[in-house]
Amino acid sequence: QVMQAPLSSMFSQDLKASIRMMGLGFENYLANPENSSVLKENELLTLKPLLIKWMSENASSPYKEHAEMIVHKITGQQLLSQASGPIQHYLVQIPFSLGRFQTDATIQWSGRRKKDGKIDASYCKVLFYLQLENINDTIVDMAVQNKVVKVTVTNPLADTVKDAANPYIDQLRNGLEAKGYRLSSVVFEKPAPANLPVRKEAVRGAAFERTPYSGVDMKI
């Protein structure tokens, strides 16, 4: 069954499992008494509560500082995944390995919050930031308006990335259409030369920044 599953569903399942294993929803589960005791027990076995428990039992350990850094990093993601007016933000940073190369993937979802608390998938924005071994910093900015998708890929080797990605654009278009979306364009661009030395920090700052919501919503 796993071998027959589409790659997109496998990635989605792995992503959700990674988010849960880090304990990003730990406090939320504890604050909601309607959650079952089994679910709460499973949450206690995730990374954040286990590290907190370990630190309380090993106050003099030389590794306590490293554990605190990980807990603070997870808590920071929780604090940044908040609402700003009717706009909801979710941000996760997941470590993973590509062979011997270790890196972090930063993903931020932003969009209007529906009544059930979920982001409206018809009008949203997804920012994906990844540092790779050979092509360095890669930013994928996906904007969705009325289920019309525009993808912008920013990389110092934009031409090389474009040549490598071109054979897969039709597959992307067909996959989106199967989900009820329409791909308008895929643009490959290099970062502005003037910003190149600080591009990495600027992108990270944009991903982690939450600007206050203001304005008037209008539906025509």
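**Figure 1. Salt bridges in the model.**
The structure holds four salt bridges, a salt bridge being a side-chain nitrogen of Lys or Arg within 4 Å of a carboxyl oxygen of Asp or Glu. The model is a predicted one, in which local features need pLDDT of at least 70 and side-chain atom pairs count only at pLDDT 80 or more, while totals for chains, interfaces and linings use all residues. Residues are numbered from 1 along each chain as its sequence is written, and side-chain values use heavy atoms, with hydrogens and water left out.

**Figure 2. Lys53 and Glu57 in helix H4.**
One of the salt bridges joins the side chains of Lys53 and Glu57, with 2.8 Å from N to O. Both residues belong to helix H4 and sit four residues apart, about one turn of the helix. Helices (H or I, at least four residues) and strands (E, at least two) are DSSP runs, numbered from the N terminus. Lys53 has a relative accessibility of 47% and therefore counts as partly exposed, whereas Glu57, at 51%, is exposed. Here buried means under 20% relative accessible area, exposed means over 50%, and partly exposed lies in between (1.4 Å probe, protein chains only).

**Figure 3. The buried face of helix H4.**
Which residues of helix H4 (residues 47-57) are buried? They are Lys48, Pro49, Leu51 and Met55. Seen down the axis of H4, these buried residues fall within an arc of 160 degrees, so they line one face of the helix. The arc is taken from the directions that run from the helix axis to the C-beta atoms.

**Figure 4. Asp141 and Lys125, a link between two strands.**
The side chains of Asp141 and Lys125 form a salt bridge with an N to O distance of 2.8 Å. This pair links distant parts of the chain, since Asp141 is in strand S5 (residues 136-145) and Lys125 is in strand S4, 16 residues apart. Asp141 is partly exposed because its relative accessibility is 22%. Lys125 is also partly exposed, with a relative accessible area of 39%.

Asp170 and Arg173 meet through their side chains in a salt bridge of 2.9 Å, N to O. Both lie in helix H6, three residues apart, about one turn of the helix. Arg173 is partly exposed, with a relative accessible area of 28%. Helix H6 (residues 158-178) also holds Leu172, which counts as partly exposed at 35% relative accessibility. Apart from neighbours within four places in sequence, Leu172 is in contact with Leu183 and Val186, where contact means heavy atoms within 4.5 Å. Leu172 and Val186 are 14 residues apart in sequence, and their C-alpha atoms are 9.9 Å apart in space.

Strand S2 (residues 87-98) and strand S3 (residues 101-113) run antiparallel and are joined by twelve bridges. Two strands pair if DSSP finds at least two bridges between them. Which residue of S3 is the bridge partner of Ile94? The partner is Ala105. The hairpin of S2 and S3 has two residues between the strands, and its Gly99 takes a positive phi near 70 degrees. S3 also pairs with strand S4 (residues 119-132), in the antiparallel sense and over eight bridges. Ser110 stands opposite Lys125 in S4. In the hairpin of S3 and S4 there are five residues between the strands, and Gly117 takes a positive phi near 90 degrees.

Gln88 lies in strand S2. Is Gln88 buried or exposed? Gln88 has a relative accessible area of 8%, so this residue is buried. With neighbours within four places in sequence left aside, the contacts of Gln88 include Ser81, Trp109, Ser110, Arg113 and Ile119. Gly85 is placed in the loop between strand S1 (83-84) and S2. Gly85 is partly exposed, with a relative accessible area of 47%. Gly85 and Arg112 are 27 residues apart along the chain, with 9.0 Å between their C-alpha atoms.

**Figure 5. Thr152 in strand S6.**
Thr152 is found in strand S6 (residues 148-154). A relative accessibility of 16% means that Thr152 counts as buried. Leaving aside neighbours within four places in sequence, Thr152 is in contact with Ile139, Val140, Asp141, Val187 and Glu189. One of these residues, Asp141, also takes part in the salt bridge with Lys125.
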